[in-house]
Protein chains: 2
Amino acid sequence: MGGQQYKVSVIGSGNWGSAIARLVGQNVEKHPDLFDQTVRVWVFEEEVNGRKLTDIINNDHENVKYLPGIRLPDNIKALSDVQEAARDANILVFVMPHQFVYKTCENLRGVIHNDCRAISLIKGLDFHNNEIMLFSDEISRILGIECCALSGANLASEVAEEKYGESTIGTKNIETDGKIFHKLFHTNYLNITVIGDYSGLQVCGALKNVVAIAAGISDGLKYGNNTKSAFIRRGLLEMRKFGKTFFGGVHTETFFESCGVADLITTCAGGRNRKVAEAFIGSNKTIEEVEKELLNGQKSQGTTTALEIHRFLKARNMTDMFPLMTSVYQVIYENAPPESIIDALQH
Amino acid sequence: MGGQQYKVSVIGSGNWGSAIARLVGQNVEKHPDLFDQTVRVWVFEEEVNGRKLTDIINNDHENVKYLPGIRLPDNIKALSDVQEAARDANILVFVMPHQFVYKTCENLRGVIHNDCRAISLIKGLDFHNNEIMLFSDEISRILGIECCALSGANLASEVAEEKYGESTIGTKNIETDGKIFHKLFHTNYLNITVIGDYSGLQVCGALKNVVAIAAGISDGLKYGNNTKSAFIRRGLLEMRKFGKTFFGGVHTETFFESCGVADLITTCAGGRNRKVAEAFIGSNKTIEEVEKELLNGQKSQGTTTALEIHRFLKARNMTDMFPLMTSVYQVIYENAPPESIIDALQH
């Protein structure tokens with residue numbers, strides 16, 4: 001950059017967005033030579049107790065709605081206009097629910113220079129006209145900039161409380177972007193590893209939620225530890241097979257990273273996907289009803305991903321290659337007996 | 001075998017031994033062409049409520065001491081004399097605490113033919129004169145017969161209750177012994193995979209217990225999910241590195257098997273090693289005192305393994321290569337502050 005400092009904008013301010021903005025705000029202060037000292041954060045404006053959320057964040061230094069009780073650094077500047085939040089940024093950190101990605105990118109088109117680079121913390125894959133896209137690739141395509149991705153065993157609240165954890169960054173450009181983003185995200189409480197396999201990393205982030213549904217079905221059926229760990233193991237193998245079948249450059253080593261086995265373990269131990277599936281078993285309700293009750297109307301990402309993966313595989317006549325993913329879909333959406341998920345393990 | 005049927009003897013009758021004798025008893029009945037219909041089981045004789053344990057097993061078909069509440073098949077024949085239990089056997093299933101292996105093998109020497117083959121279900125590695133041995137190799141050496149190994153995410157009580165699970169057999173002779181042992185152990189509730197890497201399989205079975213101590217330390221310190229999954233992940237990597245450094249033929253794929261990641265997950269979620277370590281933190285007691293209180297005087301295998309691995313690595317100046325294993329040893333045996341285990345993750 002030859003003396004120029006990177007201006008960093010965080011696009012999104014939910015639970016994970018706020019935790020990561022906090023970390024990024026801390027880290028730019030540690031590298032004043034490298035980063036501009038203000039971190040702009042795009043906040044979807046809403047009223048909280050009669051005040052604007054942006055005002056609360058800028059004055060009280062707390063996102064009272066999505067990360068209550070955690071102080072944000074003073075160098076975080078919340079903005080409700082996404083263009084204003086991102087204009088002339090050199091680094092964009094995308095951290096938002098995946099359904100908002102396209103609209104947000106379209107809004108950003110005019111204000112992003114092509115020397116900007118981005119990182120996607122968006123969980124999930126984009127199923128579009130029965131093709132799969134990586135969100136990092138879509139951001140890259142729409143904005144005409146490089147985009148890498150970060151994923152790991154990172155419960156947002158624990159990162160915000162500075163409990164020790166690890167995460168993984170996947171980038172085509174390990175020596176350039178990899179180094180910059182390592183400086184932006186690595187702290188003494190979040191240990192970052194940079195790998196080249198950005199596709200495998202994003203496959204893990206999406207498919208782990210489907211495996212967590214299998215784990216939840218197992219818990220709902222009171223199947224015990226041997227069975228549950230069998231589901232997790234088979235899920236890990238299907239995640240790898242899915243990655244290697246449909247994407248280039250997916251490596252086995254990726255599944256040993258935080259974005260792989262570690263995130264899978266965390267997601268299958270707790271988490272909303274596991275919980276929804278457990279509650280679904282024996283409830284005589286549809287999965288939508290269970291989600292409505294447990295998640296205040298939000299969807300658990302795993303159920304949507306299970307449906308999308310099934311459509312994708314079915315269109316290719318490849319459901320047999322992924323018996324666990326297929327069985328999760330059948331139990332959740334086709335009234336298959338929950339016990340039939342064991343058959344998936346006997347392939 | 002040309003019409004001859006394999007006579008199977010199970011050497012050991014604790015919790016796991018009884019569960020596996022039950023399964024083997026069921027399986028020989030499914031293959032009358034292949035296996036003799038009586039399964040002899042060596043039982044270390046003791047008195048229970050004024051009766052001999054062998055009599056109870058033979059008459060009541062229940063090991064009331066080590067697997068209460070579970071009916072054993074009628075074709076299980078308990079014997080208190082190990083030579084009588086094993087004489088002329090074609091298949092020996094070793095399933096006992098590792099400290100009894102040598103003495104038992106010495107006792108068996110005279111009664112075993114060299115067309116016999118064995119499988120070791122013994123957990124742990126044998127550290128002897130500062131070298132590591134696999135128990136399968138030691139059994140093989142002492143008795144002059146082939147010996148393979150079985151290990152997986154198998155809580156004994158769940159296998160006994162026929163809850164679905166998976167396990168792994170590692171053998172040099174996949175096409176011959178692999179097929180026989182698959183028939184002997186595979187059921188609709190225990191799915192067996194046969195692999196060639198018997199060394200990696202046994203390394204996993206021993207070192208997982210040390211990783212579970214790290215997980216227990218993390219739980220004792222209330223470090224949360226991100227940290228715990230980081231310990232499990234790093235532990236998995238050190239298990240692999242240990243296997244590849246000190247044994248030939250250890251493959252990455254082994255760590256994706258039930259004996260690898262699945263057993264590690266189960267062991268770190270529950271289990272006595274994790275529990276002992278959790279209770280040790282903040283207790284102001286030695287690990288021996290904690291074990292005495294929690295385990296009725298038994299040792300948790302992980303603490304012994306941690307000590308043995310440390311001595312082994314130290315003698316080779318290689319402790320730095322295994323920071324997590326080393327840190328577990330230091331916290332448990334050298335009064336290192338428990339929080340210092342985080343340093344092992346920051347290597």
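**Entry 1: A:Gly12**

I looked up A:Gly12 and recorded it as buried, because its relative accessibility is 6% (buried means under 20% relative accessible area, exposed over 50%, partly exposed in between, with a 1.4 Å probe and protein chains only). The model is predicted: local features need pLDDT of at least 70, side-chain atom pairs count only at pLDDT 80 or more, and totals for chains, interfaces and linings use all residues. Residues are numbered from 1 along each chain as its sequence is written, chains are lettered from A and ligands numbered from 1 in the order in which they are written, and side-chain values use heavy atoms, with hydrogens and water left out.

I located A:Gly12 in the loop between strand E1 (6-11) and helix H1 (15-30) of chain A. Helices (H or I, at least four residues) and strands (E, at least two) are DSSP runs, numbered from the N terminus. Leaving out residues up to four places away in sequence, I found that A:Gly12 touches A:Gly17, A:Val41, A:Trp42 and A:Val95; contact means heavy atoms within 4.5 Å.

**Entry 2: The annotated site**

I noted that an unreviewed UniProt entry carries the annotation "binding site" for several residues, among them A:Gly12, A:Phe100 and A:Gln301. The annotated positions spread over 290 residues of sequence and, in space, up to 23.4 Å between C-alpha atoms. UniProt positions are given in the numbering used here, feature names are shortened, and annotations may be inferred rather than shown by experiment.

I placed A:Phe100 in the loop between strand E6 (91-94) and helix H4 (101-108) of chain A. A:Phe100 is partly exposed, with a relative accessible area of 45%.

**Entry 3: Salt bridges**

Side chains of opposite charge can pair when their charged atoms come close. I counted as a salt bridge a side-chain nitrogen of Lys or Arg within 4 Å of a carboxyl oxygen of Asp or Glu. The total over all chains is 40 salt bridges.

A:Lys208 lies in helix H8 (residues 198-220) and A:Asp263 in helix H10 (residues 258-269), 55 residues apart. A:Lys208 is buried at 8% relative accessibility, and A:Asp263 is buried at 3%.

I then turned to B:Glu166 and A:Arg234, whose closest N and O atoms are 2.7 Å apart in a salt bridge. B:Glu166 is in strand E11 (residues 165-170) of chain B and A:Arg234 in helix H9 (residues 224-246) of chain A, so the pair joins two chains.

Lastly, I recorded that A:Glu166, A:Glu257, B:Arg233 and B:Arg234 are linked in a network of salt bridges.
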